[in-house]
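Okay, thanks for having me, everyone. Let me put the thing on the screen, and then I'll walk through it.

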Amino acid sequence: MQHINAEFQINGKTVLMSFPADITLLDLLRQAGFTEVKAGCHTGQCGACVVLLDGRPVNSCQVFAASVIGKEITTVAGLGSVHDPHPIQQAFVDAGAVQCGFCTPGMVLVTAALLAENSLPTEEEIKQALDGNLCRCTGYVKIIAAVKLAAERMADHG
Amino acid sequence: MAEHTHVGKSEAKIDALSLAAGSEKFCDDYQIPGILETALLTSPHAHAEIVDLDTREAEALEGVVDILSYQNVDAVLHTSAGQGFPEPSPYDDLLFDRRVRFAGDLVALVVAESREAALRGVEAIRVEYKLLEPLFDPEAAESPEAPRLHVGEEHAKIPAVYEPDHNLAAEVEISFGDPAAGFADAAFCEEHVYHTQYAAHCALEPHAALARFDARGRLEIITTTQVPFHARRIVSQVCGIPLHRIRVIKPRIGGGFGGKQEVILEPLVALAAWRSKRPVRLVMSRREVFVSSRTRHPMRIRLKTGADAEGRITALEMEGLMNTGAYGSHALTVLSNVGAKVLPLFNKIENLHFHGKAVYTNLPVGGAYRGYGATQGYFAFNQQLDMISRRAGVDMPEYCRRWHIREKETSEVFQALGEGKEGVAQVLSSCCLDECIEQGAQAIGWQEKRGRRLSPGADRVRGVGMAICMQGSGIPLVDMGAAAMKMNEDGSFNLYVGATDIGTGSDTILAQIAAEVLQVDLEKIIVLSSDTDLTPFDVGAYASSTTYISGAAVLKCARKIAGQIISAAAGLLGSDPADLKIEKNRVKDTRRKREAGYAEIAVYALYQHDQFQIQAQASHVAGESPPPFIAQFAEVELDRASGRLRVLKFVSAVDCGQPINPQLTEGQVEGAVLNGISYALCEEYLFNRQGRMRNPSFGDYKIYSPPDMPEMVTILIDSHESSGPFGAKSVGEIAINGPAPAIANALYDAAGVRLFSLPLTPERVWRALRALREENKAKR
């Protein structure tokens, strides 16, 4: 298999990677240590592997790494950390939206993309935005509440 | 009731932020240089004998390191059910066998330098199968003509009915009073046959395990397990590796729901690592999780009730046939639970007969799944209650209030039916089911909606239905949990528990219990859980046991620590220990105005006088299993044209004793409810004629996503269980039981049709509506 050497913009940093031409973005990111991107199904049906690609959420298991060279990739670790959490991450904590936490990175990133476009979404808009993200632990109740809480807090602080 | 500082407070889950930030490690997140990857070869046939397995071509491939199969792995009969020892599940499973018993059964494991090489290895293995007649119909399993699945040395480990010569994996029977006389006395009888389906847990994290060696050559297994200590025991048993050379570590787990109570992958990675002396990883694909891990046992339940004119049940007969698939994992205990967790609820039934059988078929394997048989049993039981109360002319909430078990009452079933053996008698010290029913009915708007058939538009009609259920809190006199603690010189504490947080928040719950006793902030309790080298034993995360059993162990342990703190403080302050009491972060002399901070006390004990480590351990086994109770209510809207059933609103009112953390408690209920609704309406394994699962993906096996949610209301009823830590019972499983019967009862309320088979698909509903129309036409 042909190998490609290329640069990606990941979480604000330039990362040079060498990878086989047919590797998915999910596999490449995880192999490179970005294990906050979770693999739940490898078929684009669960949303655990969502990353933001130039700000838009994609299932990274459905994207060839070679097709996104040079694009800006954001994982959940790029939004914030335990030392400096993003308001969306903090809202997920405060609303009790994190149970096992496996779907959480994808949920948080989809929320970030939603709120960037629509700062005060309705409940229906939240549900539609999260349609591609499965969670088996929470019944989604507290995830929806977390998105609303994040929206309110972010609106309050501009 | 005592005012608490931590108990009953919705403190943030201690790992929530790290999970939301992505910095926690799940099993597959460990980056280990030089780790070998693997791929599974599974059987395409439901029932076959392997005539020849030729691995030469595969072994010659670049990157392939080893291939495990029956040819080079010892045949050790065991059960993959991660239960206490001796296990109540039959020893009927080998890691690899010459005979394959379902499409998805394991044939070989390829170990290679990369996942790609392992997959190429799988492709290159040549297997010659001799096809055997498959058995798919559980109803035919015991017939003399039926093919037999287990013809070797398979046996039960405990005294239980196990007769593989007619495919019988388990049988349970209890009887009280005189059912025949009870039916003869009845004013009316209802007898129906209910069917429940194969279903998957669908934890978002697929099953995974990895094994590596430490510097001294001990094997370290990091795995997605609910049962680290059982996993260690079973790996040692199956692989012949001494137990002292195995360490099992549970990292963060991406959901379990019973699916990770099964020890399937751990022996495989252990053996592969033991043979190659290199680290090995195995991660199941989503398809493999669906097909080759474990499922909810499908059941056929025949339920017959006789009742007098007022609806008092004069006799009840429940007969169950459970399909355990190719292996008997959890067969006996799930089967027992169908009766044990359902029948005590109506404890005034004097004449009762419960008879269950679990049989083998050449289909995927059953296992533990949240609800554990109660889910199947309650689907039948609560529809029956709806029918009886309607015929007796009593509103169902009132009917349930009249007959359910109460505080200070017992049921003969508790003693008669345990998990695979006799149970333990108990008298209830808490039951707030009346309040659950009352508050739940009010929240759904029962009075305004029941029997009204409200119609918001053409072809659309609404109805409401309800269900009541109980579960248990651990397995009495079986489940044991232990905890250890030590104090640090800043007044913080390390808490070590074997209990297994699989996403439920049990690390947080247990920390809150310790923080309550010791009166420190939650961050001062540093939790380390589920590491067989570092933490004491715990049976693990199952049977709704962690808060009640492991929580009680933590409570005992923290109280011992508090006692040591007091005695050290007495030395430090020159006080009489009897005058000392614990307040926030310090000990106070209540007679003489003196006090010492925790840090000061810890430093005194560690460095200054009669030095010792303030530390303690405690174990807990319960002599009872106080049931939590729940009343659940569904409002549905039926589209008569398509048969589509939509849940508009779902209310759960639960008595789980004192919730240690209300937010996490609600989370348990909400998650279980949506799983239960999804199970009721759309989840189902589909098989082709060869017994292969046709829908092993999230695309074809639909589980509910956010737009499918109804409005959900969760009410935590004020309750206190005197035997539980700070009054707590359990909440992990119970809420999954009610959605299916509540929705089925709501469908009847809306349209007068009753469905006895799950899931309640549009097609099934539509056919029932058509049959009703034709019946009505014939009457006219």
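Let me start with a question: which strands of chain B does helix α12 lie across? Helix α12 (residues 433-444) of chain B lies across β18, β26, β27 (644-655) and β28 of chain B, at about 25 degrees to β26(B). For the angle, axes are lines fitted to C-alpha atoms, for helices over the stretch in contact, and angles run from 0 to 180 degrees between N-to-C directions. Contact here means that the C-beta atoms of two residues, placed from the backbone, lie within 7 Å. Helices (H or I, at least four residues) and strands (E, at least two) are DSSP runs, numbered from the N terminus.

Before I go on, the housekeeping. This is a predicted model, where local features need pLDDT of at least 70 and side-chain atom pairs count only at pLDDT 80 or more, while totals for chains, interfaces and linings use all residues. Residues are numbered from 1 along each chain as its sequence is written, and chains are lettered from A and ligands numbered from 1 in the order in which they are written.

Back to the strands under that helix. They form an open sheet of 4 strands in chain B, in the order β18-β26-β27-β28, with mixed pairing. Two strands count as paired if DSSP finds at least two bridges between them. β18 (460-470) and β28 (711-716) of chain B are at the edges with a single partner strand each, so one side of each has no neighbour in the sheet. On average, neighbouring strands in this sheet are turned by 15 degrees against each other, ignoring direction. Zooming in, β18(B) pairs with β26 (residues 629-639) of chain B in the antiparallel sense, over 11 bridges.

One more helix. How far apart are the end C-alpha atoms of helix α15 of chain B? Helix α15 (residues 546-573) has 28 residues, and at 1.5 Å a residue it should span 40 Å; the ends are 38 Å apart, which agrees. The expected span there is 1.5 Å times one less than the number of residues. Just after α15(B), B:G574 takes a positive phi of about 65 degrees.

Okay, chain B as a whole. Chain B has 19 helices and 28 strands. Its C-alpha trace spans about 95 × 75 × 50 Å along the principal axes. A compact globule of 780 residues would have a radius of gyration near 28 Å, and chain B comes in at 27 Å, which agrees. That radius is taken over C-alpha atoms, and the globule rule is 2.2 Å times the number of residues to the power 0.38.

Domains next; the bounds come from an automatic or database domain assignment. Chain B splits into domain 1 (16-23 + 480-621), domain 2 (32-132 + 207-283) and domain 3 (295-475 + 624-779). The C-alpha centres of domain 2 and domain 3 of chain B are 36 Å apart, and 20 residues of domain 2 are in contact with 23 residues of domain 3.

Now chain A. It has 6 helices and 5 strands, in the pattern β-β-α-β-β-β-α-α-α-α-α along the sequence. With 158 residues, a compact globule would have a radius of gyration near 15 Å; chain A has 16 Å, which agrees. Chain A is divided into domain 1 (3-78) and domain 2 (80-156), with C-alpha centres 21 Å apart. The contact between them takes 17 residues from domain 1 and 14 residues from domain 2 of chain A.

Last thing, the interface. How many residues of chain A are in contact with chain B? There are 45, against 48 residues of chain B. α3(A) gives the most, with 4 residues.
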